[in-house]
Amino acid sequence: MSEIVKTEAVVLNKIDYRDTSVIASLYTEDLGKISAIVKGARSTKSKIGRIVDPLNHLRVILYKKETRDVQLVSDAEIISHFARLKENLLALKYSYSIIELVHKLTPVDEQNKRIFRGIVRILSLLEKGEEKPEILFGKFFIFLMKETGYEIQFKKCSVCGKRELKNMVNGFNWDTGILCVKCKEEKIDNYRIKPELFDYLNCLKSTKLVPAVSDSIIIDANKFFETYLKFHVPDFKEIQTFKSF
Ligand SMILES: [Zn+2]
């Protein structure tokens, strides 16, 4: 027995399947992340095939079977295809990084409406173009870590609990979290967090508007994010999208 599900979805990626079909990874509002096949998608006549494309926000109709790993897309229509975002190379780089992380970090078949709304919201902000793509990516990263159980704590030293950490070169231990100057000396294995990076990460975590940041802080932050993932997420090697832009 299959069930008909009408839901919204964001396309995370797609791969060719057999001669004419594609299998897409979708983050759906009602079912979480799923794989779904679009039969005949690569035929030039397929309307659905054209719109089931990474980043697109769609309304889809699925035939869902509990016993199947790959569901069937029977219809789809566009809600937004983020046309402006796709013309901006930097926005495109960070948007693809966002969907890559959602694809790699979220569990299959587990509904999470906050993640779904978070993806749609961040892509809409990237489309609007009022805030820098790299900052929006950082905010989404912090949000996604929290939602997937890898929340990053910066509030107090993870060893002694000290809260005054501003304007100092703190450390970060991948096991325990942020380290104050004193505890940093005692733990051999730690990552150096410059005051500017500490401020920036805290800013991303708050709802405050992030002030202008230098390119070097963005580079440091992205390196921090990637290393954090490598340590915490099994089999995670790199943010591949960073390599292809
Ligand atoms: Zn401490």
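Residues 24 or more positions apart contribute 50% of those contacts in the chain that have a separation of 6 or more. The model is a predicted one. Nine helices and eight strands are found in the chain, and 31% of its 245 residues are buried. Along the principal axes, the C-alpha atoms occupy a box of roughly 65 × 40 × 30 Å.

Two packed helices are described by the angle between their axes and by the distance between the axes. For helix 3 (residues 89–105) and helix 4 (residues 113–128), the angle is about 175 degrees and the axes lie 10 Å apart. Because angles over 145 degrees count as roughly antiparallel, helix 3 is described as roughly antiparallel to helix 4. On the side of helix 3, the contact is made by Ala-91, Tyr-94, Ser-95, Ile-98 and Val-102. These residues meet Ile-119, Ile-122, Leu-123 and Leu-126 of helix 4. By residue class, the contact of helix 3 with helix 4 comprises eight nonpolar residues, one polar residue and no charged residue.

Helix 4 consists of 16 residues, and the distance from its first C-alpha to its last is 22 Å, close to the 22 Å expected at 1.5 Å a residue. Its buried residues are Ile-115, Phe-116, Gly-118, Ile-119, Ile-122, Leu-123, Leu-126 and Glu-127. Just after helix 4, Gly-129 adopts a positive phi of about 75 degrees.

Helix 5 has 15 residues and should span 21 Å at 1.5 Å a residue, which agrees with the 21 Å between its end C-alpha atoms. The buried residues of this helix are Pro-133, Glu-134, Ile-135, Leu-136, Phe-137, Gly-138, Phe-140, Phe-141 and Met-145. They pack against helix 3, helix 4, helix 7 (195–205) and helix 8 (215–232). Gly-149, which follows helix 5, has a positive phi, near 90 degrees.

Within helix 5 lies Gly-138. This residue has 25 other C-beta atoms within 10 Å and is therefore buried, the cut-off being 20 or more. When neighbours within four places in sequence are left aside, Gly-138 is in contact with Leu-204 and Ala-221. Between Gly-138 and Arg-84, which are 54 residues apart along the chain, the C-alpha separation is 20 Å.

Strands of a sheet pair through backbone hydrogen bonds, in either a parallel or an antiparallel manner. In this model, three strands form an open sheet in the order 7-6-8, and the pairing is antiparallel. Strand 7 (177–179) and strand 8 (191–193) are the edge strands, each of which pairs on one side only. From one strand to the next, the twist averages 35 degrees. Strand 6 (residues 170–173) and strand 7 run antiparallel and are joined by three bridges. Phe-172 has Ile-178 of strand 7 as its bridge partner.

Methods:
Residues numbered from 1 in each chain as written. Predicted model: local features only at pLDDT ≥ 70, side-chain atom pairs only at ≥ 80, totals over all residues. Pairing = 2+ DSSP bridges. Helix = DSSP H or I, 4+ residues; strand = E, 2+ residues; numbered from the N terminus. Axes fitted to C-alpha atoms, helices over the stretch in contact; angles between N-to-C directions. Parallel < 35°, antiparallel > 145°, perpendicular 65-115°, else oblique. Contact = placed C-beta atoms within 7 Å. Nonpolar A, V, L, I, M, F, W, Y, C, P; charged D, E, K, R; others polar. Expected span 1.5 Å × (residues − 1). Buried ≥ 20, exposed ≤ 12 C-beta atoms within 10 Å, placed from the backbone.
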